[in-house]
Amino acid sequence: MNPPEPLVLIVSGPSGSGKSTLVQKLIELPTTLLAISCTTRPPRKTENDGKWYNFVTEAEFQEMVARGEFLEYAQVFGKNWYGTPSKWLDQARAQRKDLVLEIDVQGALQVKQKLPGAVAIFVLPPSRAELEHRIRARGQDSEDEIRRRLERARQEMLNYSSYDFAVVNDDLERAGREVQAIALASRCRVARNEEQIRDILKSFGG
Ligand code: ADP
Ligand code: 5GP
């Protein structure tokens, strides 16, 4: 019998809303696997290749697109390309793990279209002022980049209705518990557990 399709948990939302922080809470759960994206963005000082991203050239990225290697991909902020290689889905299937994707809104919509059972979580900052404060405090982006990210945040949030769940990341402890609860509840969906339910029924004589 083939292993069941992995549960795919998409985490997206505006830059600085707390996606990476909340993804850490998700991967604390046993049986989750975080997909490492490919990007043409240059690495930041704190980023090693292969841990946060696989950093590739634009030519390498386009070759991967041509070979159909991406589950989804998008140009983010009209600038750099980002994509999730489909091999992560194969690895999650082989390891019987849930696959966590931290991707932008365009990518989330593509995954929902390809994999309707995927669960999309939208992370929102409590307010614009707080989002700006967090992006500045993170100290990773130029003034130009901060302006671009704040403008894009508004546009991204207009897509909220395509998501299954919304988590407002004001209090980190609570928001962390919420994303974990969403993952745990999604695993219990009847559609994901029919085989086990049938086995239990069999033990009762069918
Ligand atoms: P994203 O991955 O969405 O760009 P990050 O997870 O990098 O966002 O979070 C942006 C910044 O905000 C980081 O410095 C992070 O430590 C901080 N942060 C995240 N969640 C909270 C929170 N609930 N309260 C205060 N600061 C937070
Ligand atoms: P950053 O440059 O701050 O690491 O990421 C910028 C944006 O790209 C974030 O919104 C992040 O979620 C998104 N992103 C990261 N990886 C992927 C990916 O594989 N696919 C898509 N569509 N977006 C991604």
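1. Let's start with the lining of the largest pocket. Helix H1, strand E5, strand E6, helix H5 and helix H6 (143-157) each supply at least two of its residues. Helices here are DSSP runs of H or I with at least four residues, strands are runs of E with at least two, and both are numbered from the N terminus. The largest share of this lining, 5 residues, comes from H1.

2. Before going on, a word on the model: it is predicted, so local features need pLDDT of at least 70 and side-chain atom pairs count only at pLDDT 80 or more, while totals for chains, interfaces and linings use all residues. Residues are numbered from 1 along each chain as its sequence is written, chains are lettered from A and ligands numbered from 1 in the order in which they are written, and side-chain values use heavy atoms, with hydrogens and water left out.

3. How big is the largest pocket? Its volume is about 1,000 Å³, and of the 38 residues that line it, Lys19, Ser20, Arg44, Tyr53 and Glu102 are the closest to its centre. A pocket is an open set of points on a 1 Å grid over the protein atoms alone, where a 1.4 Å probe fits, with protein on both sides within 12 Å along at least five of seven lines; lining residues have an atom within 4 Å of a point. The volume is the space filled by probe spheres set on the points, which are joined across faces, edges and corners.

4. By class, the lining has 13 nonpolar, 13 polar and 12 charged residues. Nonpolar covers Ala, Val, Leu, Ile, Met, Phe, Trp, Tyr, Cys and Pro; charged covers Asp, Glu, Lys and Arg; the others, Gly among them, are polar.

5. Now look at ligand 1. The space it takes is the largest pocket (a molecule sits in a pocket if more than half of its atoms lie within 2 Å of the grid points). The elements giving two or more residues to the shell around ligand 1 are H1 (19-27) and H5 (128-138), and H1 brings the largest share, 3 residues. In all, 14 residues surround ligand 1, and Gly16, Ser20, Thr21, Arg138 and Asn169 are the closest (near means a heavy atom within 4 Å).

6. Which side chains make polar contacts with ligand 1? Among them are Thr21, with an N or O atom 2.6 Å from an oxygen atom of ligand 1, and Asn169, with a polar atom 2.8 Å from a nitrogen atom of ligand 1. A polar contact is a pair of N or O atoms within 3.5 Å.

7. Ligand 2 also has the largest pocket as its space. Of the 17 residues around ligand 2, Ser37, Arg41, Tyr53, Glu72 and Tyr82 come nearest. A nitrogen atom of ligand 2 is 2.7 Å from a side-chain N or O atom of Glu72, and a polar backbone atom of Gly83 is 3.3 Å from an oxygen atom of ligand 2. Taken alone, ligand 2 exposes 510 Å², and the protein buries 96% of that (accessible areas come from the Shrake-Rupley method with a 1.4 Å probe).

Note on methods. A polar contact is a pair of N or O atoms within 3.5 Å; within protein, one must be able to donate a hydrogen and the other to accept it, and residues adjacent in sequence count only if both atoms are side-chain atoms.
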